[in-house]
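Reader: I am new to this structure and would like to learn how to read it. Could you take me through a few features, one at a time?

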Amino acid sequence: PSAILPPVQPPSEPSTLTVIGVDLSGPANLADTSLVVARSAGQTLAVDALVRGADDAAIFAAVTAARARGHVIVGVDAPLSFQQGLRARDSALRQVLKDMSPGLERTIMPPTAPRMVYLTLRGVGLARLLERHAGPGVHLVEVHPGSAMALRGAPPAALRSKRTLEGRAQLRRWLMGQPLTGLERVVLDRDHDIDALAAALAAWDWALGRPRWLAPPEPPHHPFAFAC
């Protein structure tokens, strides 16, 4: 797939590409929402900040602040469209994960599953907020951080145990080997933080036209791409 960004601005009109990865939680546990702000810097993604406990207002503020500097890519770890049961894109990604490492596919759940429905409601609402009010130059993509890490070679055992201290330590070590800089600026001691960083990595690769896995938009019911 080709990159989704418009042609590069001429030197007199520099534009920064900011990538924001959001590990969204349901509305009842906002403390578990982590947000990573990073910049595309040549062949690397430079991490600038990590925000924990981000409500929709904080996410909107981060996006609009970044928009003042240039284009913004927002990768959201939550369903951004509604459907009873698994969407076709969910089933396709499940099969990829099952073929790669059986068991990981269970992390892909239907948008209306009991553990997912409130997250889906928040994701759809956040997408509407950003799409309508964040301004031009803001692009949204649905991501799945666990799949993004698996498809880039993260240890499957660490992905299955990322809620444990040892699992997170393994994933931090793996992330240090990715094209990321500025990791010393953030403390990745929660699985939500790691997922937000992986969401930013997946969104960055999608923006540059090199996702490891992609389900294109299917309007009107599924208007956003789903990329890992």
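Author: Let us begin with a loop: proline 220 lies between β7 (214–215) and β8 (226–227), where helices (H or I, at least four residues) and strands (E, at least two) are DSSP runs numbered from the N terminus. This is a predicted model, in which local features need pLDDT of at least 70 and side-chain atom pairs count only at pLDDT 80 or more, while totals for chains, interfaces and linings use all residues. Residues are numbered from 1 along each chain as its sequence is written, and side-chain values use heavy atoms, with hydrogens and water left out.

Reader: What is the peptide bond from proline 219 to proline 220, cis or trans?

Author: Most peptide bonds are trans. The bond from proline 219 to proline 220, however, is cis, with omega near 5 degrees.

Reader: Which residues of α3 are buried, and which are exposed?

Author: Buried means under 20% relative accessible area, exposed over 50%, and partly exposed in between (1.4 Å probe, protein chains only). Helix α3 covers residues 117–133, and its buried residues are Leu119, Thr120, Arg122, Gly123, Leu126, Ala127 and Leu130. They lie on the same side of α3 because they cover an arc of only 165 degrees around the axis, the arc being that of the directions from the helix axis to the C-beta atoms. On the other side of α3, Tyr118, Leu121, Arg132 and His133 are exposed.

Reader: What covers the buried residues of α3?

Author: The cover includes α1 (56–67), β4 (70–77) and β5 (138–143), and contact means heavy atoms within 4.5 Å.

Reader: At what angle do α1 and α3 pack?

Author: Axes are lines fitted to C-alpha atoms, for helices over the stretch in contact, and angles run from 0 to 180 degrees between N-to-C directions. Here α1 and α3 pack at about 35 degrees, with their axes 11 Å apart. The contact is made by Asp56, Ile59, Phe60 and Val63 of α1, together with Arg122, Leu126, Leu129, Leu130 and His133 of α3.

Reader: Where is leucine 24, and is it buried or exposed?

Author: Leucine 24 sits in the loop between β1 (16–23) and β2 (34–41), and it is buried, with a relative accessible area of 5%. Leaving aside neighbours within four places in sequence, its contacts include Ile59, Leu119, Arg122 and Leu126. Leucine 24 and arginine 122 are 98 residues apart in sequence, but 8.3 Å apart in space, C-alpha to C-alpha.

Technical notes. Expected span 1.5 Å × (residues − 1).
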